[in-house]
Amino acid sequence: MNRRALISRIVFSVCAALLGVAFALPLIWFVFAPFNAHADLDLALPAPPTLANFARVFANGAAVGALLNSLLQAFGTVLLVATTATLAAYALARATLRGKRVIEYVLLLFSSVVSGSAAMVPIFLIVNALGLIDTQLAVILVFAGGLLPTAMFILRDFIASIPRGYEESALVAGASPWRAFVDVVVPVLRPGVTIAAVWAFVQVWGGFLIPFVLLRSEQRMPASVEIYSFYSQAGTPIVPLLAAYSVLYSLPVIALYWYVNRKYGFRFFGGIKS
Amino acid sequence: MRNSGTFSSRIGVAFMTPAGVLVTLFVVFPFFWIIAVSFTNRSLLGASALHPQLVGLKNYLDLFDPATFWSQGGFGPSLWLTVQFVVFSALCGQVLLGLVLAWISRELSPRAKSLLQGIVMLAWILPDVVVGFAWFAYLDRDAGTLNQLLRGLHVPAADFLIEHPFLTICVFNAWRGAAFSMMLFDAALQSIPPSYLETADVVGASGWQKLRDIVLPLIRGHIVTDLILITMWTFNVFTPFLLTAGGPSFETDILPIYTYRIAFKSFEFGKGAAIGVIVMLINLAFSLVYLRLAQRGLRKKGKAA
């Protein structure tokens, strides 16, 4: 390697390292603070490292309650999305449905147009008219509606890759479409449902705006809203507790990404996160 | 083959119904309902909550009223801030950063590559409130990591969320979302036959020349896709609210936060709906362009196959 190439290699490595450090910096505090019983907002090595903060989280009724609410809302939504999206995706992939193309186009269009805080204005009014403001059911239903179009497309592509012969032989053998679906399609479709379910879970678990707008009572708030109200409140937040709590709350998301990445590869995350 | 299904349309409709009800109620219907509400003076409490009145185009005319359009906390400044936010944090930030990251990771050893990409991915997958809290701690005036670092470099510390709020949310959003562009471009770069770049190396092309003359033309489709998606997402992103709540004095009052403030802080649903309709129409324009391009891409692929 000549000198010029060596210098440019060094410059390149330094740039790459600096970029990595710049990305890591905002999160470094999070590596230490949860294990520091006296954590403050400054970066300090915990001496000694301790799990006391995590014990404090589990002793805190409100913190545990909020995590349970997050679980309830996430599992409720996942269940609803996984079942209804599988059924609908099966119809989209296999039924002779007039206007199937139109339905797909409308789904794609609306799901990207009706989003964010603009969508929350009519959604709030609709939920209000249904008498569901400040209920966990409202959070589940609204999340499910918003996540369904993408879940349906994920599953439709999976179903399209299953040879038709599978169900057709069941139908020829006299099974009803429902039986063919439950006994033949659903078992083959497990990876697809897993991915759609994991994706939906992560969305609800991390979701902030929907519960923030639709819920009012402290005892129904999920962990996302709980964490925000803790650190945004005037006065010093309980930093050690909150640091440990945030890490606990992030763990399922990290674990699920890691699992899906390892098992199915990253291409599935292309359009998946937002 | 596509048209002849495995089973009849009656059963198909039955299978579609549960999802259809949910999507209709919480995705399709809200689109039309927000248009209807935008022509009323609907509020949360009082007479206009129970019996909202039709006010025609009043909400829209108010938004664009020249006398108040540019006033602090008004529609004009919010719109302008949003444009800048998209240009700086999405186009200059996420897309460019993503391209640089993907380009750099090509030349790294596999271990360094997965370390770099892992860090960038972490910024992207962590829940909103966790990155909100992380940045809140990171930027703290007295103790935050950033100010500790700056003091070490003898740069005066600053309360970034108060003194440079808009710059802060731009950097924050670029940091938060760069991973998506990085992954998209990473996949795109891998699809370029290595021989192209090797040939360029043989004739002694510089890194910049390779990027400009070989790589960028080949991944143009990916860049366009990325630009549209990132623009749409940034245009609707609510996460900066978790850092600044739109303040101080409306300096980070981008449209998603402005909409939220009018509808859910002031409870002026009519006016909030009017803003929402404008936002959705802009979304619609982007989506139509995106779908058009995506379909063209599919058709091309179909022909090639």
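User: In this predicted model, how many residues of chain B are in contact with chain A, and what makes a pair count as a contact?

Analyst: 77 residues of chain B are in contact with 76 residues of chain A. A pair counts because the C-beta atoms, placed from the backbone, lie within 7 Å.

User: Which element gives the largest share of the side of chain B that touches chain A?

Analyst: Helix 1 (residues 9-37) of chain B does, with 20 residues.

User: What classes of residue make up that side of chain B?

Analyst: The side of chain B that touches chain A has 56 nonpolar, 18 polar and three charged residues. Gly is counted among the polar ones.

User: How do you know that the length of helix 4 of chain B agrees with its number of residues?

Analyst: Helix 4 (residues 75-106) of chain B has 32 residues, which at 1.5 Å a residue should span 46 Å. The end C-alpha atoms are 44 Å apart, so the two values agree.

User: Where does helix 4 of chain B bend?

Analyst: The bend is at B:A90, by about 25 degrees. That angle lies between axes fitted to the seven residues ending there and the seven starting there.

User: Into which domains is chain A divided, and what separates their centres?

Analyst: Chain A has domain 1 (1-50) and domain 2 (61-269). Their centres, taken over C-alpha atoms, are 35 Å apart. Nine residues from domain 1 of chain A and five residues from domain 2 of chain A form the contact.

Terms used:
Residues numbered from 1 in each chain as written. Chains lettered and ligands numbered in written order. Predicted model: local features only at pLDDT ≥ 70, side-chain atom pairs only at ≥ 80, totals over all residues. Domains from an automatic or database assignment. Contact = placed C-beta atoms within 7 Å. Helix = DSSP H or I, 4+ residues; strand = E, 2+ residues; numbered from the N terminus. Expected span 1.5 Å × (residues − 1).
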